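This report is meant to be read alongside the sequence and the coordinates. Please keep both in view while following the sections below.

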Amino acid sequence: MYEKILLAVDGSEHSLRATEEVIKMCQASTHPVQLEVINALQEVRNSEIVLQQVKPDDVYRDGELRIQHNEEKLRNANIPYTRTIERGEAGKMIAEKANNGLFDLVVIGTRGLNGFQKLVVGSVSTEVIKRAKCPVLVVK
């Protein structure tokens, strides 16, 4: 069915459920699935580095820590994968990765924001749906 899947994770409960769905797909597949796990980190602005003394390397390390549970689930299920942690606007960056990497499917969790919350903070999954050229499975 799907040969190349991009799993977008952030360590949240919703992304853990998305990971579980990908595991089911990989285990049900009759052929090997090329799985890439991606975590999008927001860019650290110079003002944040100065005001909060945040180091760009700390942001990367924090990204690795956040997705440990997702990776643990994949390892426990013996699902091979590659991992990418990138900086940028999450929705846009995930869709670009999907399009440039010619993925068959993007799997992403949703936080279940209400209309007002989506208006204020936006929805990463909505952005991915709008921009990605391949199917997107949104898990809630």
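In which helix is the place of Glu127? Glu127 sits in helix α7, which covers residues 124-131. The model in which this residue is placed is a predicted one.

## Glu127 and its surroundings

The cut-off for calling a residue buried is a relative accessible area under 20%, and Glu127 therefore counts as buried, since its relative accessibility is 17%. When residues up to four places away in sequence are left out of the count, Glu127 touches Gly91 and Lys92.

## Overall organisation

The chain has 140 residues, of which 39% are buried, and it contains seven helices and five strands. Read along the sequence, these elements follow the pattern β-α-β-α-α-α-β-α-β-α-α-β.

The accessible surface of the chain comes to about 8400 Å², and carbon and sulfur atoms account for 49% of that surface. Among contacts between residues at least 6 apart in sequence, 77% join residues that are at least 24 apart.

## The sheet

The five strands form an open sheet in the order β3-β2-β1-β4-β5, and the pairing is parallel. The edge strands, each of which pairs on one side only, are β3 (82-87) and β5 (136-139). Neighbouring strands of this sheet are turned against each other by 20 degrees on average, with direction ignored.

Strand β2, residues 34-41, is joined to β3 by six bridges, and the two strands run parallel; within this pairing, Ala40 has Glu86 in β3 as its bridge partner. Strands β1 and β2 also run parallel and are joined by five bridges, and Ile5 stands opposite Leu35 in β2. Seven of the eight residues of β2 are buried, so this strand is largely enclosed by the rest of the structure.

## Helix α1 against the sheet

Helix α1, residues 13-28, packs on the sheet and touches β1 (4-8), β2, β4 (105-109) and β5. The direction of α1 makes about 145 degrees with that of β4. The length of this helix can be checked against expectation: at 1.5 Å a residue, its 16 residues should span 22 Å, and because the end C-alpha atoms are 23 Å apart, the two values agree.

Which residues of α1 are buried? They are Ser15, Leu16, Ala18, Thr19, Val22, Ile23 and Cys26. Seen down the axis of α1, these buried residues fall within an arc of 155 degrees, so they line one face of the helix. The buried residues of α1 pack against β1, β2, β4 and β5, and also against helix α4 (68-76).

In helix α4, the buried residues are Asn70, Glu71 and Leu74. Seen down the axis of α4, its buried residues fall within an arc of 95 degrees, so they too line one face of their helix.

Just after α4 comes Asn78, which takes a positive phi of about 55 degrees, although Asn78 is not a glycine. Asn78 is placed in the loop between α4 and β3. Is Asn78 buried or exposed? The cut-off for an exposed residue is a relative accessible area over 50%, and Asn78 therefore counts as exposed at 66% relative accessibility.

## The loops on either side of helix α5

Gly88 lies in the loop between β3 and α5 (90-100). At 11% relative accessibility, Gly88 counts as buried. Gly88 and Leu41 are 47 residues apart along the chain, yet their C-alpha atoms are separated by 6.0 Å.

The loop between α5 and β4 holds Leu102. Leu102 has a positive phi of about 55 degrees, although it is not a glycine. With a relative accessible area of 65%, Leu102 is exposed.

Note on methods: Residues are numbered from 1 along each chain as its sequence is written. This is a predicted model: local features need pLDDT of at least 70, side-chain atom pairs count only at pLDDT 80 or more; totals for chains, interfaces and linings use all residues. Side-chain values use heavy atoms; hydrogens and water are left out. Helices (H or I, at least four residues) and strands (E, at least two) are DSSP runs, numbered from the N terminus. Buried means under 20% relative accessible area, exposed over 50%, partly exposed in between (1.4 Å probe, protein chains only). Contact means heavy atoms within 4.5 Å. Accessible areas come from the Shrake-Rupley method with a 1.4 Å probe; for residues, only the protein chains shown count as cover. Two strands pair if DSSP finds at least two bridges between them. Axes are lines fitted to C-alpha atoms, for helices over the stretch in contact, and angles run from 0 to 180 degrees between N-to-C directions. The expected span of a helix is 1.5 Å times one less than its number of residues. The arc is that of the directions from the helix axis to the C-beta atoms.
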